[in-house]
Amino acid sequence: MFLINCPFCGERDQSEFSSGGEAHIVRPKQPTELSDDEWAEYLFMRKNIKGIQFERWNHVHGCRKWFNVVRDTSNDKILSVYKMGEKPPVNYK
Amino acid sequence: MPNYRIHKTEYIDETKRVSFKYDGKTYFGYEGDTLASALLANGIHLVGRSFKYHRPRGIISCGAEEPNAICQIGSKKDLTEPNVRATELELYEGLEASSQNCWPNVKFDIGGINNFISPLIPAGFYYKTFMWPKSFWKKVYEPLIRLSAGLGKSPTEPDPDIYDHKHVHYDVLVIGGGVSGIIAAKMAAKNNLKTLLVDDKKILGGSTIYQNNENIKIDDKLSSEWLKNEIQEIKKLSNLTIKTRTSIAAYHGYNFLLAKENLTDHLPEEKKKNKIRQRLWKIRAKKVVIATGSIERPLVFNNNDRPGILLSNSINKYLDYYGVTCGENIILFTNNDSAYETSISLHKKGIKNLIVDLRKSASSELIKQAESLGIKIYFNHVVTNTFGYRKINSLEIMKLSEDGNTTVGNKIRLSCDCLGMSGGWTPMVHMHTQSGGKLDFRDEDQVFLPKENSEDQISVGSCNGDFDLENIIDKTVNKINKFLEIDNQDYQDTNIICSKENDTRNIWLLPNKIPLGKTKCFIDFQNDSTAKDIKLALKEGFRSIEHVKRYTTTGMATDQGKLSNMHALGIIADTAGVKMGTLGTTTFRPPFTPLTFGTLVGRNVGKFFEVVRKTSMHEWHVENNAEFENVGQWKRPWYYPKNGENMHDAVQRESKAARDSAGILDASTLGKIDIQGSDASEFLNRVYTNAWSKLAIGKCRYGLMLNEDGMVYDDGVTTRISENHYLMTTTTGGAANVLSKLEDYLQTEWPELDVYLTSVTDHYSTASICGPNSKKILNKLFPNLDLSDENFPHMSFKEDKLENINCRIMRISFTGEQSYEINIESKYGHSLWKMCIEAGKEFNLTPYGTETMHLLRAEKGFIIVGQDTDGTMTPSDLQMDWIVSKKKFDFIGKRSLYRSDTVREDRKQLVGLLTDDPKEILEEGAQIVSDVKSKPIDMLGHVTSSYFSPNLNKSIALAVVRSGKTMKGQKLIIPMENKNINVTVSDTIFLDKENKRLNA
Ligand SMILES: [Zn+2]
């Protein structure tokens, strides 16, 4: 059970949050110009990394804000938390 | 009655005699006893039958690792509990316990015959046998297996006890109150850290608390005396909380642990009443100290499972803690020093005993002491067989060969009434591994140890492989100082004398002259798996420890292999010729010991099981006899039976009334989202398939919302209240998800939009009045409102006051009748409803529930998202292409509508179905085919909605059918169990295609 440091509320139990999958997937600005394959890449393809992963989380039973999390999936350690729109920390690339 | 209680101890209160029943017979014990110690004091060893062979089995241990002495507690239908370990159950007045797995009784039972046919019950028996014929499984095999091999009975009525949950936060959690745990807790608490110490036993002290050998001393005191002093001291520490009778069930990531506290299980019945029975502690600790100790290993030799064969250290605890001897003529069989402590203790109490030691020789102070007391020791000897049916009465030993692989010389037969075995010690690394820690293997004494300790978790004491007292104390103190970043000097001058040494001679499967097939060398006592089973599994090709475990069921009983896993691994390694430790271990999964469901559920039972949402009109529905349907968490009126009507009759009456005159529905549960901001129109354009910019103020529009994959997600009517203010409605069940989805897009994809979303579902109550007379009823309620079709047409919105209270009125329809939805602040919802009913009396205004609502909308071919759709339907599949804007540049899901898969013409599409026999009502979910002769029958689709329409006087249905759009007029078949139903594909709109009724 993670302890997640919501950038707006502070440390809260995992049960207050919901996970929103991979972070930094930007919705294409001109979907109509994409081929089926390109659209499918956006729509369906997600990374599933053993190691450092960038994820979206929502403090759904709290402030309801979305934010980003850097998590090492091999040991579940959350390495960094940052707000939507902020650049991902470079040291985990 | 025999009495094996041979001396007084401070842990047994002989002034408090306790009577209890075991297998129907009354016995006596004392306060402080466990059920196991009381049984042993009464000379009872035989406590059950083994699972597969039904061999007699006795108490083997004194703790959580007990595989045999599991019993059924109580006999009440609501309060009986199976699989309770007698070794952990504290005795109380009136306790009723019975042995399990021994129908018809423990002394003689039918399953015992399995013992003699055991060559026929090899590893994987249950997988290999009972396979054929299939028809035998349900009627013959399963009842037989269940009858002869049950593991206890479940209660058949609800648990009347109270259970509790508690959330706590600590700086330091110490698991285990033995010597290392006590030292750790004291060091932490004395350094201003808020500390919690938990121990599963009634008192602290672990196995040191009854230690009384003068070769093992601390600061010149017996180690037990020194420890008692320490315990007195830590009880005075104000920031240390001590919880006894509390066991950690699970260790999750981020130092989140679950502990079960037993509060009343040790109390007599009358004192249990109205008290919380067990409490689940949800612990968050910054740092965790694991001091869970170790358990003694059995030895694997022929017939090692007879009653009267116990772990050597357990014999010691029964003697020195409970004052009970397990026999009068005891043999101790060991491969290490610890059995000598037991031997010396027994000797001191005058119990005759001798030692069989696998080692060629040993010479610690402890052994010298045993020798000087005249205790006979057979070094380099092995037990090769035991005798006695219900209890051991003698055994055979033989000399070991030089390499330990075989026996040599002659058998020596020794009589005894009890055998203690010690195969060394297994550190309890469960907590460490549950937390994600890895293990190392130490070859010298063949133990798995915590590989590394992290910054927030550490193992100390014998669970870390430190077995002698000097090591335990020194290392614990050093490690804790480092771990907690403190500098505690309390133990700097502690002087420890420990004469035990650590050498062992480990042989996993002891040698025997008799071939393995003819011996019974048990590994897992509870699941009855033997060394032979393990070897057979390897011979049959199983290699992975996880596979061998499942195939032989070793380690899979309620004790989870606490005594058996190591031996299974050892024998696999030996047989496969690989080094132990290279195979890894099986996974140690929580819970460490079984939990009751009550503890897990806590207070969330009965009406607290789930949140219930009720509308403001709920009481009226109850008073008017409504049957309710659960829609999400909401209670919605389903139908209102009158004069003993059944559901069908009530729905037919309600449906007819709604179309003939007027009906009223409580629509308060529909999701309502208030949308404001200068970009509100643009936002709606992006989330709905149709266009919103041109919707005039005061008008309503139906919208369809898709997922990004193009599949229909939700629908509802949205009203433009003012330039930058909309009110969106969603389906009842979808409300929360729609809001979350919209928030997600706003926060992450379109943060530049000036839009604010607020859920107002609970803020408004909604009464929806429909039918040809609805306008007249509205006129009575709102006499000043111009209800003419010119002023207030279909799909428009007005505000008016009802007794000075603001109402929002939408003229929108889900039934195809002209229809008004009156929204009012929730606190006035009940009054609004009553005023509507009153105003509608002269028009036979009929309250209707969700079932009639569904029927009426089906007549009009309106979909219900989630009933007629299932997450694989596009708007086009629903024949709703009209609602998808061709002009809009983008909206959620747009691009997916022309993926190669979504434009396929043979997708399942929504159609109407009419049965050839108009009285025949189809079953929702029924499969649709065109040809019943082909095999396999090609399934074309299924029925999604089906009703008998009283307004059309015939059965109607909606269905999804492959290429359904092109099939109008075509005959199809619905094959049912007893008949085939013939249907014809029709339009989805069955009633009033021209929408005359909407504006009538
Ligand atoms: Zn928050």
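**A walk through chain B**

B:Pro936 sits in the loop of chain B that runs between β46 (927–928) and β47 (941–949); strands here are DSSP E runs of at least two residues, helices are H or I runs of at least four, and both are numbered from the N terminus. The peptide bond joining B:Lys935 to B:Pro936 is cis, with omega at about -5°. This is a predicted model, in which local features need pLDDT of at least 70 and side-chain atom pairs count only at pLDDT 80 or more, while totals for chains, interfaces and linings use all residues. Residues are numbered from 1 along each chain as its sequence is written, chains are lettered from A and ligands numbered from 1 in the order in which they are written, and side-chain values use heavy atoms, leaving out hydrogens and water.

A cis bond also joins B:Pro590 and B:Pro591, here with omega at about 0°. B:Pro591 belongs to the loop between α15 (565–576) and α16 (597–601).

Now step back to the whole chain. Chain B has 23 helices and 50 strands, and its C-alpha trace spans about 115 × 70 × 55 Å along the principal axes. Of its 1000 residues, 59% are buried, where buried means under 20% relative accessible area, exposed means over 50%, and partly exposed is in between (1.4 Å probe, protein chains only).

B:Asp220, in the loop between β10 (216–218) and β11 (221–222), is not a glycine, yet its phi is positive, near 65°. B:Asp220 counts as exposed because its relative accessible area is 63%. B:Asn804 is another non-glycine with a positive phi, about 75°, and you'll find B:Asn804 in the loop between β41 (796–802) and β42 (805–811). With a relative accessible area of 64%, B:Asn804 is exposed too.

Last stop, the surface. B:Glu93, B:Glu96, B:Glu269 and B:Glu270 form a negative patch. B:Glu270 is part of helix α7 (residues 269–272), and it counts as exposed because its relative accessibility is 58%.

Definitions and conventions. Patches are made of residues with over 30% relative accessible area and no salt bridge: like charges are joined within 9 Å, nonpolar side chains (Val, Leu, Ile, Met, Phe, Trp, Tyr) within 5 Å. Accessible areas come from the Shrake-Rupley method with a 1.4 Å probe; for residues, only the protein chains shown count as cover. A salt bridge is a side-chain nitrogen of Lys or Arg within 4 Å of a carboxyl oxygen of Asp or Glu. Lys and Arg count as positive and Asp and Glu as negative; His and the chain ends are not counted. The place of a charge is taken as NZ of Lys, CZ of Arg, CG of Asp or CD of Glu.
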